[in-house]
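Here are my notes on the model, written as numbered points. Please keep the structure open beside you as you read.

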Amino acid sequence: MIDFKKLAQEYGTPLYVYDFDYMTQQYEELKEAFRGRKSIIAYAVKANSNLSVVRHFAKMGSGADCVSIGEVRRAFLAGIPAYKIIFSGVGKSDDEIREAIERDILYINVESEAELDRVELIAKELGKVSRISVRVNPNIDPKTHPYISTGLHDNKFGVDLDSAKRMYIRANNSKHLDPVGIHFHIGSQLTELDPIREASEIVADLVRSLQAVDIELKFFDIGGGLGIKYDNEITIKPYDYAQAILGTLTALDMTILCEPGRFLTANAGYFITKVLYEKQNGVKRFVVVDGAMNDLLRPSLYNAYHEIEAITESEGALREADIVGPVCESGDFFAKDYKLPPLKHNDLLVIKSAGAYGFGMGSNYNTRGRSAEVAVEGGEARLIRKRESFDDLIALEKEFLEN
Ligand code: LLP
């Protein structure tokens, strides 16, 4: 059990706390599910890009799935070898493409024909060959929140099957492109297996049709998206997930590449915030806390549910309250009509499942410094990011005051 009260006293609030042992457990369970096949788990750095978190996965042999050159640099800094790093994303700048090729990462995940042209041109300028994979959009409804659904043709991601085929043939004929992988990612927080199986089947068929024209791919990149339990979701077991995908790969000798983010870190993370006051507006009860939407945006942005535990000595009947932060937006809330005991100044709320898309989606809105981050491993806590100070926030502006 993590002593949140002690951590709050030592490091202050608001505070992110990550259970590294839980991350290890999740990583191992997923790796084990693909046993019997060559596989690379490429941690989706966007879920939680703290260098110590990425290093934790690096030490277990993880690769990295990156969506900006910044994330690629983080992966390198954290010790992930180049041959396990992939670079995805719908919009890569020329500079990003150039650096990815120079760093000789495993492959660039190409998301349009126009992007393929850019990658080829830049590889040519550098006198190099760029390994690529194509992100295929299999037009499957993943049955998740529309904001995190990516595998339908009305989403901006990937290319349709015909374009993908054309791109592979082109890449295969190019002196500067080497097609090594195929990629799909239909969405995030997936809790149903059928859409994944269907998408995998479609993409495996495409691989077979490419074999027929002598294009042999090595990596079958299944994206991320494995859902977790925030509330009472029934989640997919890693073993069943692996079996559903492997079942579509008959006679294909390919290395699985899997890009989990949330599955590895979400339920390892806790956001600790302190109660400032209680407030009653007519019939409505508000609990005002020191954390806000700039720290954890998911409830405001997606109306996402996060379980919340109160750490308090006060006793009394549970009553519904909106838990709100100090930011000047009505959308600044962590939960609405959530049942909580009576709370007093300095009591703590622990907001759970905050280890993925928590800190990383934070901002400095309202000139609020972002929280500190703490890792807990083997019963020991250590700081892995300092709390941002006012000076940090104005560092890039201050000099312009002189004029
Ligand atoms: N691979 C690709 C190409 C992705 O786009 C993503 C997530 C992942 C892997 C990792 O997905 P995961 O295993 O974490 O589901 N901010 C949203 C989630 C956005 C996900 C974006 N892409 C949220 O807070 O729910």
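1. Helix 5 passes helix 6 in a right-handed crossing, where right-handed says that the near helix is turned clockwise from the far one by less than a right angle, and left-handed that it is turned anticlockwise. Helix 5 covers residues 94–102, and its axis runs 10 Å from that of helix 6 at an angle of about 55 degrees; the axes are lines fitted to C-alpha atoms over the stretch in contact, with angles running from 0 to 180 degrees between N-to-C directions. The two helices are therefore oblique to each other, since angles under 35 degrees count as roughly parallel, over 145 as roughly antiparallel, 65 to 115 as roughly perpendicular and the rest as oblique. On the helix 5 side the contact uses D94, I97, R98, I101 and E102, and on the helix 6 side R118, V119, I122, A123, E125 and L126, contact meaning heavy atoms within 4.5 Å.

2. Please bear in mind that this is a predicted model, in which local features need pLDDT of at least 70 and side-chain atom pairs count only at pLDDT 80 or more, whereas totals for chains, interfaces and linings use all residues. Residues are numbered from 1 along each chain as its sequence is written, and side-chain values use heavy atoms, with hydrogens and water left out. Helices (H or I, at least four residues) and strands (E, at least two) are DSSP runs, numbered from the N terminus.

3. Helix 6 (residues 113–126) also packs against helix 7, at an angle of about 15 degrees and with the axes 10 Å apart, and this pair is therefore roughly parallel. Here too the crossing is right-handed, as helix 6 passes helix 7. The residues that meet are E113, L116, D117 and E120 from helix 6 and S163, R166, M167 and R170 from helix 7.

4. Which residues touch the most other members of the largest nonpolar core? They are I182, F220 and Y241, in a core of 100 residues; such a core is a set of buried Ala, Val, Leu, Ile, Met, Phe, Trp, Tyr and Cys residues joined through side-chain atoms within 4.5 Å. Helix 8 (residues 193–211) supplies the largest share of this core, namely eight residues. At least three residues come from each of domain 1 (4–15 + 267–390) and domain 2 (34–260), with bounds taken from an automatic or database domain assignment.

5. Leaving aside residues up to four places away in sequence, I182 touches a list of residues that includes V203, L206, V207, F219 and F220. There is also a second, separate core of 14 residues, among them F4, L7, A8 and V376.

6. Some backbone details deserve a look. The peptide bond from T13 to P14 is cis, with omega near -10 degrees, and P14 lies in the loop between helix 1 (4–11) and strand 1 (15–19).

7. S353 is not a glycine, yet its phi is positive, at about 55 degrees, and N366, also not a glycine, has a positive phi of about 65 degrees. S353 sits in the loop between strand 15 (348–351) and strand 16 (372–377), and N366 is likewise placed in the loop between strand 15 and strand 16. Is each residue buried or exposed? S353 is buried, with a relative accessible area of 4%, whereas N366 is partly exposed at 33%; buried means under 20%, exposed over 50% and partly exposed in between, for a 1.4 Å probe and protein chains only.
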